[in-house]
Amino acid sequence: MDFDFPLRKIIHVDMDAFYASVEQHDNPELKGKPVAVGGGSKRGVVSAASYEARKFGVRSAMAGYIARKNCPDLIFVKPRFERYKEISQQVRSVFFEYTDLVEPLSLDEAYLDVTENKKGNPSATLIAKEIRQKILDKTGLTASAGISINKFIAKVASDYNKPNGQKTVNPEEVIQFLEDLDIRKFYGVGKVTAEKMYKLGIFTGNDLKQKSLEFLDSTFGKSGKYYYYVVRGIHNSEVKPHRIPKSVGAERTFFENLSSEVFMLEKLENIANELERRLQKSKIAGKTITLKIKYSDFTLQTRSKTLPYYIAKKELILETAKELLYQSTLENSVRLLGISLANLNTEKKKEELKKESVLVQLKFDF
């Protein structure tokens, strides 16, 4: 099949159970055992879980006591973010041996555009294999990779042969791959959206493809257009080495649940101080303030307000956060509060994507 847009050679590299794997690597006694990075107490939360722990249903963002209930032999390890950052830098140094077009998503994953690369290697598949081997040699850790014509498909593909594997979706395989894809595997489709799609009879990419742009737009809002195009293999987002942040935030989890807004004011002031520090360090400001409230039953609520001007000072941040706090009554006692600032002055106006029609032969080497 020919595509009426430029094809790229994109690799998505994802480290396997990164935090937990680092702990198992640094402490051989943990190898082969169920490990969770985080806290195992009633207040604790799992940041990452080893594959041995995942077999028992332990996953990130799970409450520590639930994780321990699922897996009685679970070993909890305190996170060491400086160590994770150190290894992440080693991994990224491998990426830059091949291309400068590297877009990190987090410490443990990144997109690479190797359409034109420093090695002059026409095969993105072979490059991904080399990168994974170099990461293993350098850090002792395994990584998985997805390779395809755009970021969306590469990210989906990287999850296929985990851990320590890779999958290439060649240009001629893209349409069939997407049509057969379980809707839950579409990047950007969360649990709530998947349930909504099920009710509409959408279970696979092919089901999604039968829906019109107008239907998806009216049913899913802004995301509708995204779903319409990605299921057709169209995702023109470039790999951006210098990602512009969409928001800046700070949050705190409390040792004891807070049951009254009065007890939260001091906490909000501390959070606003931290947010101001981060804004000053990045030299940015924003207009939209969001207050994040996580209740003791782990349900999440957000309240937002957009101001007509940019702010970065803690006084204005705190004033608006308080207003949002008192906007409506609390639903339960609170275990976490957070404040974030979006609609930043760093955001660039979106330019219309110029459609460039090119004839692509199926011999495009992957």
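Q: What should I know before reading the values?
A: This is a predicted model, in which local features need pLDDT of at least 70, side-chain atom pairs count only at pLDDT 80 or more, and totals for chains, interfaces and linings use all residues. Residues are numbered from 1 along each chain as its sequence is written, and side-chain values use heavy atoms, with hydrogens and water left out.

Q: Ok, and how are helices and strands picked?
A: They are DSSP runs numbered from the N terminus: helices are H or I with at least four residues, strands are E with at least two. Two strands pair if DSSP finds at least two bridges between them.

Q: Which strands form the open sheet with mixed pairing?
A: That sheet has 5 strands in the order β5-β6-β1-β7-β8. β5 and β8 (166–168) are at the edges with a single partner strand each, so one side of each has no neighbour in the sheet. From one strand to the next the twist averages 15°.

Q: How many bridges join β1 to β7?
A: There are 6, and β1 (residues 10–15) runs antiparallel to β7. I11 has I147 in β7 as its bridge partner.

Q: Which helix packs on that sheet?
A: α6 does, touching β1, β5, β6, β7 and β8, and its direction makes about 145° with that of β7. Contact here means heavy atoms within 4.5 Å. Axes are lines fitted to C-alpha atoms, for helices over the stretch in contact, and angles run from 0 to 180 degrees between N-to-C directions.

Q: What joins β5 to β6?
A: A hairpin through 2 residues. β5 (residues 102–106) and β6 (residues 109–113) pair antiparallel over 4 bridges, and E103 is the bridge partner of Y111 in β6.

Q: Next, where does N150 sit?
A: N150 is in the loop between β7 (143–148) and α6 (151–158).

Q: Buried or exposed, that N150?
A: N150 is buried, at a relative accessible area of 3%. Buried means under 20%, exposed over 50% and partly exposed in between, with a 1.4 Å probe and protein chains only. A polar atom of the N150 side chain lies 2.9 Å from the backbone nitrogen of I153. Leaving out residues up to four places away in sequence, N150 touches I10, G233, I234 and H235.

Q: And G38?
A: G38 belongs to strand β2 (residues 35–38) and is buried, with a relative accessible area of 14%. Between G38 and A49 there are 9.0 Å in space, C-alpha to C-alpha, and they are 11 residues apart in sequence.

Q: Switching to helices, how do α1 and α4 pack?
A: α1 (residues 18–26) and α4 (residues 81–95) pack at about 95°, with their axes 10 Å apart. They are therefore roughly perpendicular to each other, a term for angles of 65 to 115 degrees.

Q: Which residues meet there?
A: F18, Y19, V22, E23 and D26 in α1 meet F81, R83, Y84, I87 and S88 in α4.

Q: Last one: what is the order of the antiparallel sheet with 4 strands?
A: The order is β9-β12-β10-β11, and the sheet is open. Its edge strands are β9 (247–258) and β11 (300–311), each pairing on one side only. β9 and β12 (residues 334–344) are joined by 8 bridges, and V248 stands opposite L341 in β12. Helix α13 (residues 314–325) lies across β10, β11 and β12, at about 140° to β11.

How values were computed:
Parallel < 35°, antiparallel > 145°, perpendicular 65-115°, else oblique. Polar contact = N/O pair within 3.5 Å; in protein donor to acceptor, adjacent residues only side chain to side chain.
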